[in-house]
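Hi,

Here is the structure I said I would pass on. Have a look at it, and below it you will find my notes.

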Amino acid sequence: MTSLKHTPYRQYFPSLTTNNQLAYLDSAASTQVPETVLSAMDNYYRKGHGNVHRASHSFARLATNAFESARKSIAKFIGAQSQNIIWTSGSTQACNLLARGLAHQLKQGDEIWISELEHHSNLVPWQQLAKQQKAKLRAIPILENGDLNLAYFRENLSDKCKIVAVSQVSNAIGSIQPVPEISRLAHQVGAKVVVDGAQAIAHLAVDVQRLGCDYYYFSGHKLYGPTGIGVLYGTESALELLEPSNFGGEMISKVAIEQSEWNTLPYRLEAGTPNIVGAIGLAAAVQFLDQFPSQQRLQHERDLLSYALHKLQQHPAVELVGQPMMRTGLIAFNLRGVHPQDAATLFDQYNVAVRCGHHCAMPLGNKLSPQGSIRLSLGLYNDQQDIDQALDAIDKIMELFDE
């Protein structure tokens, strides 16, 4: 087990070794990137950039091999097959692709279920789809502590439900949702289950088979990879349901003036030139993580989260926002008498990077903390010193406001 006081992981991240005074506690927004990821992306461009699947010259072959090898790496990381992996630009595009692709499965009076704690990117696409198809958007409410009211969902779920879309981990309060149970209940009424894994993928051992969902998606920049790349997983039957909503390039197998025929999966859902270097970078991020025993690195984060939560609970100026039964990755809180925006600005002056606001989850924020909150979120590179630096900053901030 690694020490909470000094983690061996920070040394692999150039941005944090260059700025060694910074306590970076905003990994829920974006994680920092290890040297191996930067090198993999740089090497791709330096050794020869070619478009994938479309030429017979050596640069194209190398690019195609690297691109498809990356797909296999990601599939293995989440317990899937490579043909079930669709490259996207990120979680937002993945959810929009699903909402557009499943539109033909909905009719007037059908129901789409989300929850009150969803990120806007897993709320607005379904909201708009419901309006378009004259379906009903329903939300699983949260309890006072921030956990989902699963009893309400169980009691009100019916065969009118066609889609259930929930996050595995809340990006605002870090709560872990009972996805296997939600999947079981949804499948009993014939609904498809969509899981937003953006906040879970770096902090939990994700196995899509155990989750039992039909679709699962996440972003690379929250998994120590580059921006602009994401992953959509689907079972074969679930992916076959999706109507393409972007057209051109590799997603087409035959074109005539009057009509076109679509390619097979996964290419049917990957229109245009993909983010080749992004896929290579994300695969390098997964390979970086795989060099460490998963239990060791995940336990390091859990121990650090427990330390931070204990310290914040004991601090007289701290008011926690949401106290879920199970959480990972982050803690939301406020400081007594201090607006979150003012607090975040002052944290930055003390070399502590945190996030403030509603964290793109306004329905949840309005219910638990209408003024917003401060979000402290962890990455593999964090250690006890980062938490202690944040606690020291809280003391200094409170001194300013108590004067």
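**What I found**

Of the 403 residues in the chain, 56% are buried (buried means under 20% relative accessible area, exposed over 50%, and partly exposed in between, with a 1.4 Å probe and protein chains only). Before you go further, note that this is a predicted model: local features need pLDDT of at least 70, side-chain atom pairs count only at pLDDT 80 or more, and totals for chains, interfaces and linings use all residues. Residues are numbered from 1 along each chain as its sequence is written, and side-chain values use heavy atoms, with hydrogens and water left out.

**The chain as a whole**

You will find 14 helices and 15 strands in the chain (these are DSSP runs numbered from the N terminus, H or I of at least four residues for helices and E of at least two for strands). The radius of gyration is 22 Å, close to the 22 Å that the globule rule gives for 403 residues, so the chain is as compact as a globular protein of that length. That radius is taken over C-alpha atoms, and the globule rule is 2.2 Å times the number of residues to the power 0.38. The C-alpha trace spans about 75 × 55 × 35 Å along its principal axes.

Among the chain's contacts with a separation of 6 or more, 71% are between residues 24 or more positions apart (a contact means heavy atoms within 4.5 Å). The accessible surface comes to about 17100 Å², and carbon and sulfur atoms account for 49% of that (areas come from the Shrake-Rupley method with a 1.4 Å probe; for residues, only the protein chains shown count as cover).

**Aromatic rings**

How many aromatic pairs does the structure hold? There are 15, where rings of Phe, Tyr and Trp (its six-membered ring) pair if their centres lie within 6.5 Å; planes under 30 degrees apart count as stacked, over 60 as edge-to-face and the rest as tilted.

One of them is the edge-to-face pair of Tyr 224 and Tyr 381, at 5.9 Å centre to centre with 85° between the planes. Tyr 224 sits in the loop between strand E7 (215–219) and strand E8 (230–234), and Tyr 381 in the loop between strand E15 (373–377) and helix H14 (384–402), so the pair ties together parts that are 157 residues apart in sequence. Both Tyr 224 and Tyr 381 are buried.

Then there is a tilted pair, Phe 247 with Trp 262, at 5.4 Å centre to centre and 35° between the planes. Phe 247 lies in the loop between helix H9 (236–241) and E9, while Trp 262 is in strand E10, so this pair ties together parts that are 15 residues apart in sequence. Phe 247 is exposed at 52% relative accessible area, and Trp 262 is partly exposed at 35%.

Ring pairs also link a cluster made of Tyr 9, Tyr 12, Phe 13, Tyr 24, Tyr 224, Phe 288, Phe 292 and Tyr 381.

**A hairpin**

Trp 262 turns up again here: Ile 252 stands opposite Trp 262 in E10. Strands E9 (residues 252–255) and E10 (residues 260–262) pair in the antiparallel sense over three bridges (pairing takes at least two DSSP bridges between two strands). Four residues form the hairpin that joins E9 to E10.

- Ala 29 lies in the loop between strand E1 (23–24) and helix H2 (35–47) and is buried at 15% relative accessibility. Leaving out residues up to four places away in sequence, Ala 29 touches His 221, Lys 222, Arg 355 and Arg 375.
- Ser 121 is in the loop between strand E3 (111–115) and helix H5 (124–133). Ser 121 is buried, with a relative accessible area of 10%, and touches Thr 92, Cys 95 and Tyr 217, again not counting residues up to four places away in sequence.
- Lys 134 lies in the loop between H5 and strand E4 (136–140) and is exposed, at 54% relative accessible area. The C-alpha atoms of Lys 134 and Gln 108 are separated by 4.7 Å, though the two are 26 residues apart along the chain.

**Cysteines**

A disulfide is a pair of cysteine sulfur atoms within 2.5 Å, and by this rule the count is zero. Cys 356 is buried at 18% relative accessible area, whereas Cys 360 counts as partly exposed at 41%.

Cheers
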